Every structure is written in structure tokens, then in C-alpha cells.
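Here is a friendly walk through one model, from its overall build down to single residues. Have the sequence and the 3D view open as you read.

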Amino acid sequence: MDAKIRSSHEWCQYFLANAGALLEIAWEQGAGVTAVELDAIAESVREFQLGENAEGRHFVGSAKAYAARSGDYEYIDAVRLLIGEEQRHARTLAKFLELAGVPVAQRTTADALFRWLRKRAGLEICVSVLLSAEVIAKVYYAALHDATGSPVLRRVCEQILRDEVEHVRFQAQRLALLRAGRPRILVLLGHAAHRAAFAGACLVVWWKHGRAMRAGGFGFRRYWREAWREMRQALVEMDPRRVRPTQNHHRGTETRRMKRAMSAR
Ligand SMILES: [Fe+2]
Ligand SMILES: [Fe+2]
């Protein structure tokens with residue numbers, strides 16, 4: 001695991017470099033999916049396509065408020081670049097569905113609920129919810145990859161999986177920064193709450209997408225095991241003890257800003 005917490009500037013550089021190094025997808029081959037495969041995965045892919053397709057207005061809004069507090073303005077750009085990658089995921093999945101003759105979904109209850117949840121939250125909860133989604137995505141797209149012989153869909157999944165590895169890291173590192181300096185007991189309580197919410201999210205996703213994942217050879221036990229293996233890694237990555245004092249500029253900047261405001265009075 002990458003021991004270093006990247007700065008927002010480094011994250012922007014990563015996202016820009018990644019955009020120039022995407023896998024080639026042989027769209028001209030067509031969907032290449034069988035009727036049996038499509039029957040098992042189509043509804044599920046439609047829902048994930050919708051989930052990837054978010055404008056992230058609330059997330060950007062929270063990032064702006066945080067930037068004003070912390071002075072980390074490049075975080076806003078990094079969040080925008082991340083959302084751009086999610087929208088690319090949505091575009092490639094939509095293109096696959098179109099090739100397979102399946103209409104994209106307009107709005108589903110699960111998606112509406114997920115969005116409602118994020119809109120109610122401040123940055124820390126918003127990032128926590130998104131991190132859970134990214135972790136589950138890492139397992140889901142691996143299962144979807146194995147659920148089809150379609151070279152196009154398999155390639156789409158490979159690209160998404162590569163991206164999601166870094167997305168989990170991006171979200172986890174921000175949680176570490178947000179929680180730096182917080183009493184250890186509160187950090188551990190936060191992790192416990194996150195684990196409980198994650199367990200619930202895993203069950204809901206299995207209920208909705210278990211059929212598609214089973215088609216990829218992921219029974220419930222395998223899905224559950226893999227999801228928790230990924231989550232444990234993320235919990236290590238989001239440990240605020242990894243933040244070096246020089247990186248904890250958030251509080252420092254806040255203090256400096258307050259001091260400036262006081263002396264200006
Ligand atoms: Fe995604
Ligand atoms: Fe993602």
C-alpha cells in the first residue's frame with residue numbers, strides 16, 4: 001500500500017495522467033454478450049450506470065466549503081476530476097447497454113435513496129458514503145467482468161476497476177486528513193460506525209445485484225469476504241495516524257485565518 005498521503009495537487013496530476021492512459025476498448029466488435037448473460041446482468045448494469053452518472057453538485061459544494069476552511073483549494077479541482085472519471089464510467093456503461101440494445105435507466109429507488117443520503121451530509125459523511133460505494137464497486141465490477149465473455153464489457157470493467165482502486169485511496173486519504181488530530185477514541189468510534197453502515201450497504205447491494213454477481217461466480221460468502229478484505233485495506237488507508245504533521249495544514253490554516261481575522265479587528 002502507498003504509505004504516503006498525496007496532496008490535492010498530486011491527486012490532480014494523477015487524474016490528468018490517468019485520463020491520457022486509458023485502455024483501448026474495441027467498440028467496433030459490438031456488445032458481444034449472449035442472451036443468457038444479458039438476462040442475468042442487464043438490470044444490474046442499468047442501475048450501476050445510473051449510480052456512476054452523478055454531477056456531484058453537493059460533493060463539490062462541500063469540497064468548496066472545506067477548501068475555504070482549510071485553504072486546500074486544489075481539493076475542489078481533484079473532486080471535479082474524480083467526478084469526471086465517474087461520468088466516464090457512466091458513459092462507457094451506457095455505450096455498452098446501447099450496443100446490447102438495452103435502454104439506460106432513468107431513476108430507481110435505490111439510486112434516489114443513495115443521492116438523498118449524500119445530500120443530507122457534510123463532507124466527512126459524504127466521503128464516507130462514497131468510499132463505501134467505491135469499495136463495493138471494486139468487488140462488483142470484478143464479478144461483472146467474470147459474468148460475461150463480452151470483450152467490450154470485460155474491458156470496460158477492467159478500466160473501471162483500475163480507476164476504483166485509486167478512488168478508494170483518494171476518499172480514504174481525505175478521511176485521514178479530516179480526522180487528523182482527533183482523539184483516538186472518536187476515530188475508532190467513527191470506524192465502528194462506518195463498518196456497521198458498510199455491512200448494511202453490502203447487504204442491500206447483494207439483495208439488488210446478487211444475481212448478476214452470482215453469474216460471475218461470486219456467491220454471497222465470496223462477495224462478503226472480498227468486500228470486507230477491501231474495506232479493511234481502506235480502513236488502514238483512512239487511519240489519521242498516517243498523516244504527517246507537515247500535512248496537517250488544515251487546522252494550521254484555520255488557526256492562521258482566525259488569527260488574521262482577530263488582528264484585523
Ligand atoms: Fe465508478
Ligand atoms: Fe469511483
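## Conventions

Helices (H or I, at least four residues) and strands (E, at least two) are taken as DSSP runs and numbered from the N terminus. By that scheme, Tyr14 lies in helix 1.

This is a predicted model, in which local features need pLDDT of at least 70 and side-chain atom pairs count only at pLDDT 80 or more, while totals for chains, interfaces and linings use all residues. Residues are numbered from 1 along each chain as its sequence is written, and chains are lettered from A, with ligands numbered from 1, in the order in which they are written.

## Confidence

The predictor's confidence in each residue is its pLDDT, on a scale from 0 to 100. The chain averages a pLDDT of 91, and 92% of the residues score at least 70. Over residues 251–256, the pLDDT is below 50.

## Overall build

The chain has 10 helices and 0 strands. Its radius of gyration is 20 Å, close to the 18 Å that the globule rule gives for 265 residues, so the chain is as compact as a globular protein of that length. Here the radius is taken over C-alpha atoms, and the rule is 2.2 Å times the number of residues to the power 0.38. Along its principal axes, the C-alpha trace spans about 70 × 35 × 35 Å.

Of the contacts in the chain with a separation of 6 or more, 85% are between residues 24 or more positions apart. A residue is buried if 20 or more other C-beta atoms lie within 10 Å of its own, exposed if 12 or fewer, and partly exposed in between, with C-beta atoms placed from the backbone. By this count, 35% of the 265 residues are buried.

## The nonpolar core

In soluble globular proteins, nonpolar side chains tend to be buried together. A nonpolar core here is a set of buried Ala, Val, Leu, Ile, Met, Phe, Trp, Tyr and Cys residues joined through C-beta atoms within 7 Å. The largest one holds 62 residues, of which Phe96, Leu131, Ile136, Tyr140, Ala143 and Leu144 touch the most other members. Among the elements that give two or more residues to this core are helix 2 (35–52), helix 8 (184–215) and helix 9 (220–237). Helix 6 gives the most, with 16 residues.

Which residues does Tyr140 contact, leaving aside its neighbours within four places in sequence? They are Phe48, His209 and Met213.

## Helix 1

Helix 1 has 12 residues and reaches 17 Å from its first C-alpha to its last, close to the 16 Å expected at 1.5 Å a residue. The expected span is 1.5 Å times one less than the number of residues. Ser8, Trp11, Cys12 and Phe15 are buried in helix 1. Seen down the helix axis, these buried residues fall within an arc of 100°, so they line one face of helix 1; the arc is that of the directions from the axis to the C-beta atoms. Their cover includes helix 4 (74–99) and helix 7 (151–179).

Glu10 is also in helix 1 (residues 8–19), and counts as partly exposed because it has 13 C-beta neighbours inside 10 Å. Its C-alpha is separated by 9.0 Å from that of Ala78, 68 residues apart along the chain. Tyr14, with 16 C-beta neighbours inside 10 Å, counts as partly exposed too.

## Helix 3

Helix 3 has 14 residues and reaches 20 Å from its first C-alpha to its last, close to the 20 Å expected. Its buried residues are Phe59, Ser62, Ala63 and Tyr66. They cover an arc of only 105° around the axis, which puts them on the same side of helix 3. On the other side, Arg57, Ala65 and Ala68 are exposed. The cover over the buried residues includes helix 4 and helix 6. Gly71, whose phi is positive, near 85°, follows helix 3.

## Two exposed residues

Gln106 is in the loop between helix 4 and helix 5 (109–119). Is Gln106 buried or exposed? Gln106 counts as exposed because it has 8 C-beta neighbours inside 10 Å. Arg232, placed in helix 9, is exposed, with 12 other C-beta atoms within 10 Å.

Notes:
Two residues are in contact if their C-beta atoms, placed from the backbone, lie within 7 Å.
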